[in-house]
Structure formats: C-alpha cells, structure tokens
Amino acid sequence: SSALGNINVLSEMARLKADKEPQKSKEFIEQIHTRSHNMINSMNDMLWNIDPENDSMSKSLERIREHIEALSNRYGVQIDLLIDKNVEHLKPNMKLRQDMFWFFKNGITNMVKSGAADCRVDIRLEKSTILYTIEFDNTHINNQQLNNLLQRQELDNRLKDTHAVLDVQTHKTKTNVELKIP
C-alpha cells in the first residue's frame, strides 16, 4: 500500500507540474513508471511462488534463466549461467525456494545495475549446501552503490533467517560473490 500511495503522490505532483514545469513532470512520470514496474515484478514473484505448479527446483531454475535473459536484454550485459545437474533434483520447501530465488534475483540484478559486466553465474550443490557464485568484471562498477546494496538490512535479515553465508572478494578487475545456503 505504501508503494501505491507513493505512486499516487507522484502522479498528483506530475499533474500539478505538467503545465508550468514539464521537465519536472516528466521526472515524476519516470519515477511512477519505475515504481509501478517494481511493484508488478514483486507481485509476479509472489504469485509465482505460491502457485503449486511451480513447486519444483526445475521450475525455479527455469525462472532464473528467464530473469537472466531479461537482464541481459535490458542492460546489454553478457551473463553466462552454469547449473549443476544435482541442483535440479533438489526438493526445497516453498520458503527456501522463495529465499533462494530472492537471493539470486536481487544479487544478479544489483550487480548488473551497479555496472558489472561479463558475468558468470554458477549454481551448484556441494554436500548439503547450495553454492551461488557470481563472478564479474568490475572495471566499470559503482563501488559505493554495490557496497550500499550489500549492506542492506533486508539482505542481512534474509541471510540470518536462512543461515546463509555471503562472501565478497574484490580484486583489481574482477569481483567474486559467493553465497552458501544450507
């Protein structure tokens, strides 16, 4: 409801500025577009997660592939995805599947939005742990933006809830992000 309220306020501001300050009005309209787009994506994710037909790891991996393709097309970035065959046969409960998808989707999206290029994503099973590894070229990355995204309270809460461990290693031209989910 707060997102809808925000959109409502922005639309009213855009309406008021339309005649006298058309450029400011366009900025408000762009914010409305971005926020409504994010709401639609969030709703789609929630509805997808509660649909019993999607209650398998293979369906989750299919959704991950779709997300990567959409990111590649939208931002013009190369993202290679490698998935261990053992991961496809896992049977996580709905909550764990939802958390895994959230980690993956937000992780790769935030890396790309921060300027990551030539991304390599590896999802594999090591003993009883799912290992997500994202490696990317960091020569054009906005480090401040990336650090802010990695230090969000929501991320910290999800890591604690799932007992997951996040490790970020930054080198001269490459960054390696590793997430271990038991």
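This is a predicted model: local features need pLDDT of at least 70, side-chain atom pairs count only at pLDDT 80 or more; totals for chains, interfaces and linings use all residues.
Q: What does the C-alpha trace span along its principal axes?
A: Let's stay with the protein chain, which has 182 residues, 35% of them counted as buried. Along the principal axes, its C-alpha trace spans about 65 × 45 × 30 Å.

Q: How many helices and strands does the protein chain have?
A: Walk along from the N terminus and the elements run α-α-α-β-α-α-β-β-α-α-β-β. Put together, the secondary structure comes to seven helices and five strands.

Q: In what order do the strands sit in the open sheet?
A: Five strands make up this sheet, and their pairing is mixed. The edges are strand 1 (79-83) and strand 4 (165-170), since each pairs on one side only. Neighbouring strands are turned by 10° against each other on average, direction ignored. Read across the sheet, the order is 1-2-3-5-4.

Q: How many bridges join strand 4 to strand 5?
A: A hairpin links strand 4 to strand 5 through three residues. Strand 5 covers residues 174-181, and the two strands run antiparallel. The number of bridges joining them is six.

Q: Which residue in strand 5 is the bridge partner of Leu 166?
A: The strand 4 and strand 5 pair runs antiparallel. Within this pair, Thr 170 stands opposite Thr 175. For Leu 166, the bridge partner in strand 5 is Leu 179.

Q: At about what angle does helix 3 run to strand 1?
A: Helix 3 takes in residues 57-75. It lies across strand 1, strand 2 (117-126) and strand 3 (129-137). Its angle to strand 1 is about 170°.

Q: Is Arg 63 buried or exposed?
A: You'll find Arg 63 in helix 3. Leaving out residues up to four places away in sequence, Arg 63 touches Asn 44, Asp 45, Trp 48 and Phe 101. Its relative accessible area is 17%, and the cut-off is under 20%, so Arg 63 counts as buried.

Q: Which residues is Ser 25 in contact with, leaving aside its neighbours within four places in sequence?
A: Ser 25 belongs to helix 2 (residues 22-50). Its relative accessibility is 6%, so it counts as buried. With those sequence neighbours set aside, the contacts of Ser 25 are Ala 14, Lys 17 and Ala 18.

Q: How far apart are the C-alpha atoms of Thr 162 and Asn 44?
A: Thr 162 sits in helix 7 (residues 153-162), and at 9% relative accessibility it counts as buried. Not counting residues up to four places away in sequence, Thr 162 touches Asp 99, Phe 103 and Pro 182. Asn 44 is 118 residues from Thr 162 along the chain, and their C-alpha atoms are separated by 22 Å.

Q: How far apart do the centres of the positive and negative side chains lie?
A: The protein chain has 25 positive side chains and 26 negative ones.

Notes:
Residues are numbered from 1 along each chain as its sequence is written. Side-chain values use heavy atoms; hydrogens and water are left out. Two strands pair if DSSP finds at least two bridges between them. Helices (H or I, at least four residues) and strands (E, at least two) are DSSP runs, numbered from the N terminus. Axes are lines fitted to C-alpha atoms, for helices over the stretch in contact, and angles run from 0 to 180 degrees between N-to-C directions. Contact means heavy atoms within 4.5 Å. Buried means under 20% relative accessible area, exposed over 50%, partly exposed in between (1.4 Å probe, protein chains only). Lys and Arg count as positive and Asp and Glu as negative; His and the chain ends are not counted. The place of a charge is taken as NZ of Lys, CZ of Arg, CG of Asp or CD of Glu.
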